[in-house]
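Please read them with the sequence and coordinates open.

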Amino acid sequence: MILVTGATGTIGRPLIDLLAEEGAKVRAVTRDPGTSGLPEAVETVAGDPSRPDTIASYLEGVTAVFLHPRAAGEAAGALLALARERGVQRVVALSAINIDDDPAEQPSRFQGDRNKEAEDAAVASGLEWVSLRPASLAVNTLRTWAPQIRVGDVVRGPYASFAEPLIHEGDVAEVGARALLDDGLSGRRLRLTGPRSPSHAELVAVIGDVIGRPLRYEEIPPEAFAQGLIQRGLPKPFVAALMARYARGTGPAEAVTDEVERILGRPARSYDRWVADHAAAFQV
Ligand SMILES: NC(=O)c1ccc[n+]([C@@H]2O[C@H](COP(=O)([O-])OP(=O)(O)OC[C@H]3O[C@@H](n4cnc5c(N)ncnc54)[C@H](OP(=O)(O)O)[C@@H]3O)[C@@H](O)[C@H]2O)c1
C-alpha cells in the first residue's frame, strides 16, 4: 500500500492516476474527501499531513509514503517518525531544485512550502528515501500569463530574457511513481528539469504557436511588475523573493539535467507539449 499526501494537488493527481494504472494499492490523504474528486479505485481518507496524528491509523499496512511539503508543512519529521514506527519502508519526498539557494530568493518559502525540510526529514528518517527536486513547473505560466492571453495578444512582465528549464508536472509525477514502485533510486536527490531552458519571451511565442495566435512578451520595469503583484494581494516577502530570483543575472536559473530521460527512458516533455496539453486554459 502506498500512502500519498498532497493527493489532490498538481503533482498528486497525476501521480495517483499512474500508480492506480499500474495496479498499485493507493491510499490518498486529503483534508476533504467529499470534494476531492479522486478516482474511485483509490482509497481516499480524511486527514491533514501537517497534523500527523490525523493520519496515524492510515499508516498501518503502508510500505511507501509520498511526502508532500505543502501538505506536511512543519510536520514532515514527525510524520516520518510515525511512519517508521508503523513499519513503512520507503519515503519519496517532493522538494524543489532551488532548496540550497538563499532562502530569501525562494518565493515558495513565503507561501509556507517547506521543501528543504521535506527532503531533510526524508534523509534523516531512517527509511529508504528519494528526493524529487523539480525545477519550476510549467503550470506556473498558466497562473501568471493565461489571464492576459485570454484577453489579448501581449503578455506584460519583467525580464524577457529570464530563462529556466520548466518541467511538465506529468514528468514529476511519473518519476515519483518510479521512485515509489521501483528499486534503484534510493538515496538520490533528483534534479528534474525540462529538456530546454527557454526565456520568458520564447515561452510566450511557443504558446502563440501552439494555440494559433501571434503572441508577444513585452518587458515592463521590474518595480512596476512587483507593485502590481502586491496590489493583487501577494505578500511582499514573496514578491521580493521572486524579483530577487529574476534579477540574479544572465543565463538560465538552473542547468538542464537528463534525469527524467535516464529514469523514464524517454526525453522530458517539452514546453510545446505542455501547452498543447493545457491549450484550452489559454483560450476564451
Ligand atoms: N510550482 C513550482 O514551480 C514548484 C517547483 C518545484 C517544487 N514545488 C513545490 O511543490 C509543492 C507544490 O506541489 P503541488 O503544486 O502539487 O501542490 P498543490 O497542488 O498546491 O497542493 C497539494 C495538496 O496539498 C494539500 N495542502 C495544501 N495546502 C495545505 C495546508 N496548508 N495544509 C495541509 N494540506 C495542504 C492540498 O490537499 P487537500 O486540500 O486535498 O488536503 C493540496 O491539494 C510545493 O512544496 C512547492 O514549493 C513547486
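**Notes on the predicted model**

1. Strand E5 is mostly covered, with five of its five residues buried. The cover is on both faces: Arg90, Val92 and Leu94 lie on one side, Val91 and Ala93 on the other, and all are buried. In a regular strand the side chains alternate between the two faces of the sheet. The model is a predicted one.

2. The neighbours of E5 in the sheet are as follows. E4 pairs with E5 in the parallel sense over four bridges, and Val65 stands opposite Val91 in E5. E5 also pairs with E6, again in the parallel sense, over five bridges. Here the bridge partner of Val91 is Trp129 in E6. Between E5 and E6 the chain crosses through H5, and this β-α-β crossover is right-handed.

3. Is Trp129 buried or exposed? Trp129 lies in strand E6, residues 128-134, and it counts as buried because it has 23 C-beta neighbours inside 10 Å, where 20 or more are required. Leaving aside residues up to four places away in sequence, Trp129 touches Val91, Ala93, Ala122, Val123, Ser186 and Gly187. Trp129 and Gln89 are 40 residues apart in sequence, and their C-alpha atoms are 8.8 Å apart in space.

4. Helix H5 (residues 115-124) is mostly covered, with seven of its ten residues buried. The buried residues of H5 are Asn115, Lys116, Glu117, Ala118, Glu119, Ala121 and Ala122. What covers the buried residues of H5 includes strands E4, E5, E6 and E8 (188-192), together with helices H3 and H4 (76-85). Just after H5, Gly126 takes a positive phi of about 80 degrees.

5. Which residues have the most contacts inside the largest nonpolar core? They are Val4, Leu67, Val91, Val92 and Leu132, in a core of 71 residues. Helix H7 (residues 169-181) supplies the largest share of this core, six residues. A second, separate core has five residues, including Phe162, Ala241, Leu242 and Tyr246.

6. Not counting residues up to four places away in sequence, Val92 touches Ala64, Phe66, Leu67, Val130, Leu132, Gly176, Ala179 and Leu180. Val92 is on the side of E5 that also carries Arg90 and Leu94.

7. Strand E2 (residues 26-30) is also mostly covered: five of its five residues are buried. Val26, Ala28 and Thr30 point one way from E2, Arg27 and Val29 point the other way, and all are buried.

8. Strand E1 (residues 2-4) pairs with E2 in the parallel sense over three bridges, and Ile2 stands opposite Val26 in E2. The chain passes from E1 through helix H1 (residues 12-21) to E2 in a right-handed β-α-β crossover. Strand E3 (residues 43-46) and E2 pair in the parallel sense over four bridges, with Arg27 opposite Glu43 in E3.

9. The ligand is surrounded by 25 residues, the closest being Gly9, Thr10, Thr30, Arg31 and Asp113. Thr30 is one of the buried residues of E2. By class, the shell around the ligand has seven nonpolar, 14 polar and four charged residues. Helix H3 (residues 69-72) gives the most to this shell, with three residues.

10. Two residues of the loop between E7 and H7 deserve a look: Tyr159 and Ser161. Most residues other than glycine have a negative phi, and most peptide bonds are trans. Tyr159 has a positive phi near 50 degrees. With 19 C-beta neighbours inside 10 Å, Tyr159 counts as partly exposed.

11. Ser161 counts as exposed because it has 12 C-beta neighbours inside 10 Å. Not counting residues up to four places away in sequence, Ser161 touches Ser199 and Ala201. Ser161 and Ala201 are 40 residues apart along the chain, and their C-alpha atoms are separated by 6.5 Å.

Note on methods
Residues are numbered from 1 along each chain as its sequence is written. This is a predicted model: local features need pLDDT of at least 70, side-chain atom pairs count only at pLDDT 80 or more; totals for chains, interfaces and linings use all residues. A residue is near a molecule or strand if its C-beta atom, placed from the backbone, lies within 6 Å of it. Ala, Val, Leu, Ile, Met, Phe, Trp, Tyr, Cys and Pro count as nonpolar, Asp, Glu, Lys and Arg as charged, and the others, Gly among them, as polar. Two residues are in contact if their C-beta atoms, placed from the backbone, lie within 7 Å. A nonpolar core is a set of buried Ala, Val, Leu, Ile, Met, Phe, Trp, Tyr and Cys residues joined through C-beta atoms within 7 Å. Two strands pair if DSSP finds at least two bridges between them. A crossover is right-handed if, with the strands pointing away from the viewer, the path from the first strand over the helix to the second runs clockwise.
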